[in-house]
Amino acid sequence: MADTVRTRFAPSPTGYLHVGGARTALFCWLFARKHGGQFILRIEDTDEARNTEAAKKAIFDGMDWLGLQWDEGPDIGGPYGPYCQSERREIYDRYFEKLLTADRVYESEGAWRFRFDRKPITMHDLVCGEVTIDYRDESNTPDMVIKRSDGSYVFHFVNVVDDLEMKITHVIRGEDHLMNTPKHLQLIEALGGTTPAYAHIPLIQNANGSKMSKRDVGAAVGDYPRQGFVAPALINFLALLGWSSKTDEEIFTMDELVQRFSLEAVNRSPARFDAEKCAWVNQQHLLRMSAVGFADAARPFVVEAELNPGDNFTAVASSVQEKVRLLKEVPNAVRFLLDDDFPMDHAAMDKVKAGAQASAVYASLHEAFGVVSPWNGESAKSAMNDAASSLGIKVGQMMFPLRVALSGKSGGPDLAVILELLGRDRVLQRLKNILGMMA
């Protein structure tokens, strides 16, 4: 592309950062990075009654967490600031004067309306194709208010002025704005500006096909880190909502998304939000993390659960890295490794008690483990074989009762790993404890 690509994300700070907004920001960011351009964050905060500083912070925090760093914006400035609409009144007044001079606005009941050219307007959308609105029928397309009776400017006007002033080359936004674009094209033409390219991306729907609202589960970006999602996973999942790599691959790093992203590969139909798919994508990203990286990410959740991670937490955490989908699942998965006071699965315990030789198994294991030296996972497993032989049973028949005694669960990490992480003394004590429960 000859000109420098400039995209923008322009949220209103009236609540939290919605996944739909985050997905729009992501597509804008990916397109700019793909073409070596700039990504601009612009805050549409002219609605003073609904805008809050907390909501603005939620936008900044959400974007930061996702890794969608902007090149120009309210906090870092840039050549086309200010980047909050509430601070741009003088700019809007100047553009309004242009329309006034050109006789394209007139007063009506205290407000000012923009006089449409009464002709068909055709837009060429990079996702939706060609769309035409016929302005010859004024009853269907009345002249639009651009300045209210209280002197404030409406969205359509300030949005266009900002895009022109900030030299935006590509407007990538939700499909709900598609029918606004012909109005914006008329304004741009009246102002003598250069029209950006438009790409309207499909809306995100709930699994049942309804429009995803701010109240729906999964809507707030701020909830994801608390639930134990990692940012690269949510980025990956959001990219798949409306865009396709045209391959069977679904798991991508941010760099891979930048390389592969194109507006041509954005789907026309609405995207369905699938919470299970989102959790699965997160699991795939957790699996790709190093043991140290996974432990570092999981540690705050363990501490919040009032567990002491201890000095060996990397080994403890990595033992369940393949078992969890969300980081918030780690505390329950590793509790038995960090705390000797752990819950016992009653169904698993009942199954153990139903076994004919459960007490004998535990007694034999206690005796065999008591003489193991040095202690590690493999030496402990070797002792299990000896214990099984002494009872005349297969070692496999010992594994389930031993797992329940050591973890309180019917599933979890490999037994050799559990045995090594717990150490001989804790293993012997847990076998002694369960023998007492069997009595």
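**Close-ups of pockets and salt bridges**

Arg 260 is partly exposed, with a relative accessible area of 32%. This and the other values here come from a predicted model.

**Figure 1. Arg 260 pairs with Glu 249 in a salt bridge.** The closest N and O atoms of the two residues are 3.1 Å apart. The pair links distant parts of the chain: Arg 260 sits in helix 8 (residues 254-260), while Glu 249 lies in the loop between helix 7 (231-239) and helix 8, 11 residues apart. Glu 249, at 40% relative accessibility, also counts as partly exposed.

**Figure 2. Arg 42 and Glu 44 form a salt bridge with closest N and O atoms 3.7 Å apart.** Arg 42 is buried, at 0% relative accessible area, and Glu 44 is buried too, at 9%. Both belong to a network of salt bridges that also links Arg 8, Arg 88, Asp 162 and Asp 163.

**Figure 3. Asp 134 meets Arg 136 in a salt bridge, with the closest N and O atoms 2.8 Å apart.** Here Asp 134 is partly exposed, at 34%, and Arg 136 is exposed, at 57%.

**Figure 4. The largest pocket holds about 1000 Å³ of space.** Of its 39 lining residues, Ala 10, Pro 11, Ser 12, Asp 176 and His 177 are the closest to the centre. Helix 1 gives the largest share of the lining, 4 residues. By class, the lining has 15 nonpolar, 14 polar and 10 charged residues.

**Figure 5. The second largest pocket holds about 230 Å³ of space.** Its lining includes Thr 46, Glu 48, Arg 89, Arg 148 and Tyr 153. The lining residues divide into 3 nonpolar, 5 polar and 3 charged.

Terms used
Residues are numbered from 1 along each chain as its sequence is written. This is a predicted model: local features need pLDDT of at least 70, side-chain atom pairs count only at pLDDT 80 or more; totals for chains, interfaces and linings use all residues. Side-chain values use heavy atoms; hydrogens and water are left out. On a 1 Å grid over the protein atoms alone, a cavity is a set of points where a 1.4 Å probe fits but cannot get out, and a pocket is an open set with protein on both sides within 12 Å along at least five of seven lines; lining residues have an atom within 4 Å of a point. Grid points are joined across faces, edges and corners, and a volume is the space filled by probe spheres set on the points. Helices (H or I, at least four residues) and strands (E, at least two) are DSSP runs, numbered from the N terminus. Ala, Val, Leu, Ile, Met, Phe, Trp, Tyr, Cys and Pro count as nonpolar, Asp, Glu, Lys and Arg as charged, and the others, Gly among them, as polar. A salt bridge is a side-chain nitrogen of Lys or Arg within 4 Å of a carboxyl oxygen of Asp or Glu. Buried means under 20% relative accessible area, exposed over 50%, partly exposed in between (1.4 Å probe, protein chains only).
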